[in-house]
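Reader: Hello! Could you walk me through how to read a few features of a protein model?
Author: Gladly; let us look at the model together.

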Amino acid sequence: MDKLFDRRIVFVGGKGGVGKTTTAGALALMAAESGRRTLIVSTDPAHSLGDIFDTRIGNEETSLGPNLAGLEIDPEAEAEQHIATVKMSMKSLVAPKMYREVDRQLDLARHAPGTMEAALLERMADLMAEARERFDLLIFDTAPAGHTIRLLSLPEVLGAWSDGMLGHRDRSRKLGNLLKVFGRDHAREDAFGMIGGSKEEPDDSRDGRIQSILLNRRRKFHRARELLTDPTITAFLLVINPERLPILESKKTLDLLKKFNIPVTGMIVNRLLPSDVDGEFLRERRLQEDQYRAEIEQTFARLQKVYLHLLPHDVHGVETLREIGLHIVGQLGDSSGDASRPIEA
């Protein structure tokens, strides 16, 4: 974990509200100030990345300072672009009389469950593939048990789907040849532009383009999985609070990531109460926190941890992020001291 910034991709995740965006932002700022070209990407529809940087960030890469850019992926905009791309591909594969039907079907598909997520995952895969050429470090502010696991499973899903589609194409071609034997004009049977070839384009050419589209998508997500499962390239950080629900969520996340052979690099234990708190209420909270912290130590014993105290003010602006980032980097680099010692924020 002390070589965190030597990776190319870092995922920061955990239960909602534990401080993922703050952690991701602080890490991105530290990486940029160390001279690394860094892009921080928010995949949460309820974006707060721009809020903590005190600037407006949208669906286009936005400069946040020297060596640092931010991006808040808009799932709806990605879905629109995804649908438009699919329309263009489909229209190149069917007869012109079917264009209106293609538009109608895909306009309906835009509102189908999973469409926005599929577009989001494809954008993430594209960013991961581009990371080496354009940036030294890519940081995702996301939930690893959600988007990440789906990215890992997509190669198999798309593989089975495309194999089925290619098998269907092969059967359709054989049926077209059979119709020829019986002397029928199979071009008239091609109402959907799928069984036989159109007059303007040989069937083999169309088959080749269909196969190319399917195989390219499979390769894209296979490459994404290779990057995700390579511990020299990708790091996963879990952010947790010393509370019951974040601990339970982190257990599930860790088990799920292990199932896909993804090593979790470390853990940020966030929002610890300062040691000098006073008052009966805060003392009671501290006793409860100590119990949960002991549970965290036991449950996640193999993970290196960074400890951050609760700040007395809201987190926003570069100065606050730098303050948090220095605490994180300070603990990562403190190999000679006690790694479990919290640094006061």
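Author: Let us start with a definition: helices (H or I, at least four residues) and strands (E, at least two) are DSSP runs, numbered from the N terminus. This is a predicted model, where local features need pLDDT of at least 70 and side-chain atom pairs count only at pLDDT 80 or more, while totals for chains, interfaces and linings use all residues. Residues are numbered from 1 along each chain as its sequence is written, and side-chain values use heavy atoms, with hydrogens and water left out.

Reader: Thanks! How far apart are Glu130 and Arg134 in helix α5?
Author: They are four residues apart in α5 (residues 115–134), so about one helical turn separates them. Glu130 also forms a salt bridge with Arg134, their closest N and O atoms being 3.3 Å apart.

Reader: What counts as a salt bridge?
Author: The general idea is that side chains of opposite charge can pair when their charged atoms come close. Here the term means a side-chain nitrogen of Lys or Arg within 4 Å of a carboxyl oxygen of Asp or Glu. A search of the whole structure finds 18 salt bridges.

Reader: Which residue meets Lys91 in a salt bridge?
Author: The partner is Asp103, at 3.0 Å from N to O. This pair links distant parts of the chain: Lys91 is in helix α3 (residues 75–91) and Asp103 in helix α4 (residues 99–109), 12 residues apart. Lys91 is partly exposed at 26% relative accessible area, and Asp103 is partly exposed at 23%.

Reader: How do I read the length of α9?
Author: The expected span of a helix is 1.5 Å times one less than its number of residues. With 16 residues (244–259), α9 reaches 23 Å from its first C-alpha to its last, close to the expected 22 Å.

Reader: Which residues of α9 are buried?
Author: They are Pro246, Ile247, Ser250, Thr253, Leu254 and Leu257. These residues cover an arc of only 125° around the axis, which puts them on the same side of α9. The arc is that of the directions from the helix axis to the C-beta atoms. On the face turned away from the buried side, α9 carries the exposed residues Arg244, Lys252, Asp255 and Lys259.

Reader: What should I know about phi?
Author: Most residues other than glycine have a negative phi. Just after α9, Asn261 takes a positive phi of about 60°. Asn67 is not a glycine, yet has a positive phi of about 65°; this residue sits in the loop between β3 (62–65) and β4 (68–72). Arg271, also not a glycine, has a positive phi of about 65° and is found in strand β7 (residues 266–272).

Methods. Buried means under 20% relative accessible area, exposed over 50%, partly exposed in between (1.4 Å probe, protein chains only).
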